[in-house]
There are 2 protein chains.
Amino acid sequence: MEAKEILRQYISKIVLLSDEQFEYVFSHFKPLTFKKGQVIISEGDQVDCEYFVVSGCLKTFFINDEIKMYILQFSMPTWWTSDYNALYNDTKATINVDCITDAEVLCISNKDREKICSEIHQIEHFFRWRTNKGYVASQKRLLSFMNNDAKKRYEELLALYPQLYNLVPKHLIAAYLGVSRETLSRLYSSH
Amino acid sequence: MEAKEILRQYISKIVLLSDEQFEYVFSHFKPLTFKKGQVIISEGDQVDCEYFVVSGCLKTFFINDEIKMYILQFSMPTWWTSDYNALYNDTKATINVDCITDAEVLCISNKDREKICSEIHQIEHFFRWRTNKGYVASQKRLLSFMNNDAKKRYEELLALYPQLYNLVPKHLIAAYLGVSRETLSRLYSSH
């Protein structure tokens, strides 16, 4: 399925747009393709866009002072990602986004998103719904990080992204769980 | 300042409403007062409302199987809280909200929020802005939890809520930081 149709189906689950309205909305998105390993956002960048994943898998991550990587999110098809703190507050990126696999995305600028939200009430509704969903996912992940042990977090990860295990190198899964590779191997073998 | 004026000032920072529009919006909020210690949402409850804090301080928290408490958020004036997972997905509450101090709140039901969002485009915009802000705060807290040691989390907490230290019992601050009371005492004395 092409990018346009994937976005259309995704939006139409939440709001009804006429063909003309959808064409207009879609005209503000820019299709981009990336190769495995390519960087989309780097710490320190000016961040102007957010990204809707059409195919492939991205990771959103942070590298601390000791060069340890923490993965905030894996983004599969129909997920969105960006450095939203930088995007909404017009500050430099503090996190990174790159491609775990070859990927196709649709990119929309902050300015264009705000423009179509103010022009089309249903689109404002759609983006509110989208952020509500992201907020709930983020709260769940926080709670899981505070409360669960690594084994439970691992099981939650597999439930959330069943296809991830074959797609993503093990050291990235460890960086999402916040455990060492050795701990992950133990979890993996006991699963 | 009365509750109505506090909400009005808060909304008017983001969107412009006529007096008539604001009166209409406000008619969907219900003022409630609570005593210190009173419970607003309990695990297992049906969740129909979200709460805008006018005065006082609430806590949003989770109790795990070992009866250990994790605090997700302290809510001070102009903050919002609820179990948003339960509220948006019409499931039973998995977290709790209660009052650290006497508190006044404005309560709005999920149904009424959706109603005024669909009726008034600016209100939809306001709630999208509000959730965007909550999403960014939640991502920052997650990152901080993954990356920082307890001392840094303590310093971030004081920066985020400077007035909290005099308001909130120390064991609750420990439950927010995810540390023992003993660790908190060490952080406190070294500060």
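Leaving aside neighbours within four places in sequence, B:Phe61 is in contact (heavy atoms within 4.5 Å) with B:Met69, B:Tyr70, B:Ile71, B:Leu72, B:Ile95, B:Asn96, B:Val97 and B:Asp98. This residue belongs to a predicted model, in which local features need pLDDT of at least 70 and side-chain atom pairs count only at pLDDT 80 or more, while totals for chains, interfaces and linings use all residues. Residues are numbered from 1 along each chain as its sequence is written, chains are lettered from A and ligands numbered from 1 in the order in which they are written, and side-chain values use heavy atoms, with hydrogens and water left out.

B:Phe61 is part of strand E4 of chain B, which covers residues 58–63; helices (H or I, at least four residues) and strands (E, at least two) are DSSP runs, numbered from the N terminus. Its relative accessible area is 8%, and B:Phe61 is therefore classed as buried. Buried stands for under 20% relative accessible area, exposed for over 50%, and partly exposed for values in between, with a 1.4 Å probe and protein chains only. B:Asp83 is 22 residues from B:Phe61 in sequence, and the two C-alpha atoms are 9.6 Å apart in space.

B:Ile100 sits in the loop that joins strand E7 (96–99) to strand E8 (103–109). Apart from neighbours within four places in sequence, the contacts of B:Ile100 include B:Lys36, B:Cys57, B:Leu58, B:Lys59 and B:Phe74, and also B:Leu167, B:Val168, B:Pro169 and B:Leu172. B:Glu114 is 14 residues from B:Ile100 along the chain, and their C-alpha atoms are separated by 29 Å.

B:Arg113 leads from chain B to chain A. This arginine lies in helix H4 of chain B, residues 110–119, and is buried, since its relative accessible area is 0%. Not counting residues up to four places away in sequence, B:Arg113 touches A:Arg128 of chain A, together with B:Glu50, B:Leu87, B:Tyr88, B:Ile108 and B:Phe127 of chain B. One of these residues, B:Tyr88, is 25 residues away from B:Arg113 along the chain, with 11 Å between the C-alpha atoms.

Chain A may now be considered as a whole. Its secondary structure consists of nine helices and eight strands. The radius of gyration of chain A, taken over C-alpha atoms, is 17 Å, close to the 16 Å that the globule rule (2.2 Å times the number of residues to the power 0.38) gives for 191 residues, so chain A is as compact as a globular protein of that length. Along the principal axes, its C-alpha atoms fill a box of roughly 55 × 35 × 30 Å. Of the 191 residues in chain A, 52% are buried. Among contacts in chain A with a separation of 6 or more, 69% join residues 24 or more positions apart.

For residues 17–116 of chain A, an unreviewed UniProt entry lists "domain: Cyclic nucleotide-binding". UniProt positions are given in the numbering used here, feature names are shortened, and annotations may be inferred rather than shown by experiment. This span is 21% helix and 41% strand, and its end C-alpha atoms lie 13 Å apart.

Some individual residues of chain A follow. A:Asp19, in helix H2 (residues 19–26), is partly exposed because its relative accessibility is 48%. A:Ile67 occupies the loop between strand E4 (58–63) and strand E5 (69–75), and its phi is near 60°, a positive value in a residue other than glycine. With 67% relative accessibility, A:Ile67 is exposed. A:Asp90 lies in the loop between helix H3 (84–89) and strand E7 (96–99); its phi, near 55°, is a positive value in a residue other than glycine. The relative accessible area of A:Asp90 is 57%, so this residue counts as exposed.
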